[in-house]
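I'm keeping these notes as I click through the model.

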Amino acid sequence: MKWFGGHNSKTDRENDFGFISMDNGESAFVHKSSLENCSSLEEGDLVLFTQVAGKKGIQAESVTRLFPFNDDILNIFVFSITDEELKKGREGSIAPLLAYLIQEPSLLNFKNNSVLKDCLTSLCESEYGNKFICALSLESSHKHTIAELICDCKNWSVLFDIAGFSKLGFSDSIATLGYALLSPNYITSNLATLSEHLLALSEVERINALTQLNNALSLSAVLYLIFSGAAPHPKHWEKEKGQFGNQVPFSTLLNLFVEGTVSRENQVEVDDFVRDIYRERFDSFSDYCQHPVIAPIIKPCLIKRKMFFKDMSFIGDVQNDKALWHDPEMWFLSESLPLIFAGNGHDDIEKVILHKLWQAILTKHIDIDHSALFKLFPQCNTLKYRYPHMHLSCEAFHWTPKEGAARFLCRSKECHDPQVMPDLTKPYLDFSVFDWLAHYGINYAVENAPSKRDFSIKLAGYVNRIRELHSRLNCRCCGNLMIPDMKYARVEVKSIDPNTKQLIITPVNAAYRLTVFSCNTEGCGEFGHKYYINHCLHYQCHELIDSRDILEKCSEGHYICTCGACCNKHADIEQNVGILANSTVRHRELYKDSPSIRNVRNWDER
């Protein structure tokens, strides 16, 4: 309906007519006297009518309102029709909608008509849906259209069977309906046949078929196809929208399943036939771990199990696997946990780890913005809210003010969900760096009250510092990354030889300072020129001080930030904190070229 009724100012009374928008773009006049099952109509109503020629154009007769479907209308549409009547002429008095759908299948072309699609979907999902599909499917020429109609219904599998599609052979069903219209139950009942069919296809054809099958696949069906060798990893074929609108992708569910086989914790439920195909395809757990789809997922889990039980053979496992060696989480744990296990002092561990971390990022061995690093160093809501344009990890510490209750602060702001507190009750596969350090015996000096001096907090702050400085460390002459002017501390640390598993002592030049940087590219006009790059010491500022931009120093020789802060001696001088607008705008401008910057639009509006 385009419109119907309404007050007529010329006649000063209510209209008893209106106009219907037709699919071909024309309009049909409708009078109240032509309404069959209602006394009035509203804009947007879906109607069925007989088209006749009127004095001024097309006129609608025998107008039936089709939606919403109440019991009376459904009784007319569904229960008044019989098989005998269908075989006869399908004349006007019998089920107007059903009769018209059978006579004029073009009405089932609902792809561009959301109102009609919602109408038919509601009918199919109602208690009358089974009978409706049963009657409609008697016309075999509509099979593909009916399948398209029911594939988005909650009771898809039931309607699929009622329509008679489940009686089709597998090859016939694909030829008649295509992959995308096969129901979940039908696929589950024909998994062995589907597996054989997929194996006979080329790699491109197989991925295309699985992509079309995506909405009808369950995790159990996916596992069956993976174990049988018929399906590659879901990341190659899954759609963004999972089964029946489920937003959890199969890749994530597969990871949870595989992790559960290592931790012995069932994080996802699967059907019994998955266990059957597992026993059929794998002779042992080791055989399962070598499956080409399972191996890349389970290898880090098995290594973490070794880490948890302090089996130092994991060092060689990581170093001998190129993918794991460049994974920031695996790399960091394989470099730090052995130092702790060997009994080194906290200060020495700190110097060595910070040095190795910087070197790994400087040489691009690991990516500072890799998602694995954020799993290891999780983000709190405080930094997520305060720096929405940049990924920063929680570095909260416990603070007791002179007045008021103790609280956690993260970059001078109160932190209500500090991620720095170890939780050794959760699965070790989900451990953060704070959990791993606690598991290996590095605890806070004061229990449950981390301070800025604790190694874990220093480490998180150091990682954040590298993220923030990264965008400013390129030489402005040649464009190459500058290196820090390191001060070295000769340290001898105990470590584990990955080959002999024996404790050895190794001398290390440990860097522990990142404030002065210089270009190391020979031939560059800036080669060897040193620049001071650091954060403002004022607790409310945190702005970046770059001696290439800020030249003024105080009487103590410290650079003066734009907020006015410089050093402890002049700390009492009033400073213009906030002179560069709020922190979000300031940090957006400072770090807009950083790889850690999030791609967020409309900053000013936010």
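Predicted model: local features only at pLDDT ≥ 70, side-chain atom pairs only at ≥ 80, totals over all residues.

Which residues of strand 5 are on its covered face, and which are on the uncovered one? I looked it up: Ala28 and Val30 make the covered face, while Ser27, Phe29 and His31 make the uncovered one.

**Entry: strands around strand 5**

I went through the partners of strand 5 next. Strand 4 (residues 17-21) pairs with strand 5 in the antiparallel sense, over five bridges. In that pairing I found Phe19 opposite Phe29 of strand 5. The hairpin of strand 4 and strand 5 has five residues between the strands, and in this hairpin Gly25 takes a positive phi near 95°.

Then I checked strand 7. Strand 5 (residues 27-31) and strand 7 (residues 57-65) pair in the parallel sense, with two bridges. Phe29 turns up again here, standing opposite Gln59 in strand 7.

I also wanted the link between strand 6 and strand 7. The two pair in the antiparallel sense over seven bridges, and a hairpin through two residues joins strand 6 to strand 7.

**Entry: Leu48**

Leu48 sits in strand 6 (residues 47-54), and its bridge partner in strand 7 is Thr64. Buried or exposed, where does Leu48 fall? Leu48 has a relative accessible area of 12%, which is under the 20% cut-off, so Leu48 counts as buried. I also took one C-alpha distance: Leu48 and Glu36 are twelve residues apart along the chain, and their C-alpha atoms are separated by 10.0 Å.

Strand 9 (residues 407-410) pairs with strand 10 in the antiparallel sense over two bridges. For Cys410, I noted Lys413 in strand 10 as the bridge partner.

**Entry: helix 10 against helix 11**

How do the axes of helix 10 and helix 11 cross? The axes of helix 10 (residues 191-199) and helix 11 (residues 203-213) come within 9 Å and cross at roughly 145°. From helix 10, Leu194, Leu198 and Leu199 meet Arg206, Ala209, Leu210 and Leu213 of helix 11. I sorted this contact by class and got six nonpolar, no polar and one charged residues.

**Entry: nonpolar cores**

The largest nonpolar core has 132 residues, and Leu217, Leu225 and Phe227 have the most contacts inside it. Helix 20 (residues 346-362) gives this core its largest share, nine residues. As a general point, nonpolar side chains tend to be buried together in soluble globular proteins.

**Entry: Phe227 and the aromatics**

I listed what Phe227 touches, leaving out residues up to four places away in sequence: Phe257, Val274, Ile277, Tyr278, Arg281, Phe282, Tyr288, His291 and Ile294. Phe227 also belongs to one aromatic cluster with Phe257, Tyr278, Phe282, Phe285 and Tyr288.

How many aromatic pairs does a search of the whole structure find? I got 23. Phe282 and Tyr288 form one that is edge-to-face, at 5.6 Å centre to centre and 75° between the planes. Phe282 is buried, with a relative accessible area of 8%, and Tyr288 also counts as buried, at 1%.

**Entry: Ser263**

Ser263 is in helix 13 (residues 250-263) and counts as buried, at 18% relative accessibility. What does Ser263 touch, not counting residues up to four places away in sequence? I found Tyr428 and Leu429.

Note on methods
Residues numbered from 1 in each chain as written. Heavy atoms only, no water. Pairing = 2+ DSSP bridges. Helix = DSSP H or I, 4+ residues; strand = E, 2+ residues; numbered from the N terminus. Buried < 20%, exposed > 50% of the residue type's maximum accessible area, 1.4 Å probe, protein only. Contact = heavy atoms within 4.5 Å. Axes fitted to C-alpha atoms, helices over the stretch in contact; angles between N-to-C directions. Nonpolar A, V, L, I, M, F, W, Y, C, P; charged D, E, K, R; others polar. Core = buried A, V, L, I, M, F, W, Y, C linked by side-chain atoms within 4.5 Å. Phe/Tyr/Trp six-rings, centres within 6.5 Å; stacked < 30°, edge-to-face > 60°.
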